[in-house]
Amino acid sequence: MRDFDPGLLHALDAAGPATQRAVALLAARRACEAAGLTALDWVTDALTALGGGRPLPPPFDDDADMWHALASDPAFPDRTVGRAIPPERPPSQDGPSSPGTVARSPEEAATLVVGPASAVARQSSPQPASDPSAAAQPSPQPASETGRYGLLVSFGPPDPSLRFSQPHAALPAVTGAAAPDPLRAAVDAVYAAVVTYGEDWPALLAEMGSLCRERAARSSGT
């Protein structure tokens with residue numbers, strides 16, 4: 001989020017819980033709309049629960065069940081989107097090359113993969129060189145339930161020409177919006193929506209910023 005719109009990130013931090021929840025809900029809705037998921041009843045049920053401040057219903061109460069529901073739904077919207085690329089910023093501004101950026105090893109990076117590919121990513125990550133027994137061990141085979149998924153593991157910036165599944169990018173916006181902490185919910189949901197929007201992310205963040213300003217003006221009476 002800092003790389004895409006640091007101003008929005010600061011606005012969310014300064015906003016109250018009610019605005020943070022409103023932004024999280026709107027981001028989850030927009031992500032699902034962009035991915036075509038609002039045509040699925042079990043997704044709209046989750047959005048309704050979010051809007052009512054209720055816990056997410058099944059299958060969103062379990063990650064494995066959620067991904068299975070998406071994969072097995074005959075109405076699965078087969079939509080893809082290009083990579084969301086943040087704007088270039090002067091070196092003095094927060095950005096990917098700022099001192100706060102954390103460099104991760106391939107092993108650490110593999111633990112950040114979410115969704116159905118997570119099990120395969122863990123199995124595909126390089127073994128530490130300090131473990132002499134690792135080289136002699138055959139690579140573990142993926143579990144049968146993950147065998148249907150393809151996985152591309154890369155380190156460094158992804159190829160801009162790659163396209164990603166919008167439905168798989170959008171579901172984390174729903175689960176993120178349900179986080180107990182309102183600020184975390186807003187940031188997680190908005191970032192997942194950015195990934196879902198891909199190249200069209202500026203329109204999404206413009207709407208999120210507008211909502212923050214409108215609610216701030218309303219609360220101040222101006």
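Asp73 sits in the loop that joins helix H4 (63–72) to strand S1 (80–82), where helices (H or I, at least four residues) and strands (E, at least two) are DSSP runs numbered from the N terminus. This is a predicted model, in which local features need pLDDT of at least 70, side-chain atom pairs count only at pLDDT 80 or more, and totals for chains, interfaces and linings use all residues. Residues are numbered from 1 along each chain as its sequence is written, and side-chain values use heavy atoms, with hydrogens and water left out.

**Surroundings of Asp73**

- Asp73 counts as buried because its relative accessibility is 16%, buried meaning under 20% relative accessible area (1.4 Å probe, protein chains only).
- A polar atom of the Asp73 side chain lies 2.8 Å from the backbone nitrogen of Ala75.
- Leaving aside residues up to four places away in sequence, Asp73 touches Leu40 and Trp42, contact meaning heavy atoms within 4.5 Å.

**Helix H9**

- Helix H9 (residues 182–197) has 16 residues and reaches 22 Å from its first C-alpha to its last, close to the 22 Å expected at 1.5 Å a residue, a span taken as 1.5 Å times one less than the number of residues.
- The buried residues of H9, among them Ala186, Val190 and Tyr197, pack against helices H1 (6–14), H2 (17–35), H8 (166–177) and H10 (201–220) as well as strand S1.
- After H9 comes Gly198, whose phi is positive, near 60°.

**Cysteines**

- Cys32 counts as buried because its relative accessibility is 0%, and Cys212 counts as buried because its value is 7%.
- The count of disulfides comes to zero, a disulfide being a pair of cysteine sulfur atoms within 2.5 Å.

Methods
Buried means under 20% relative accessible area, exposed over 50%, partly exposed in between (1.4 Å probe, protein chains only). A polar contact is a pair of N or O atoms within 3.5 Å; within protein, one must be able to donate a hydrogen and the other to accept it, and residues adjacent in sequence count only if both atoms are side-chain atoms.
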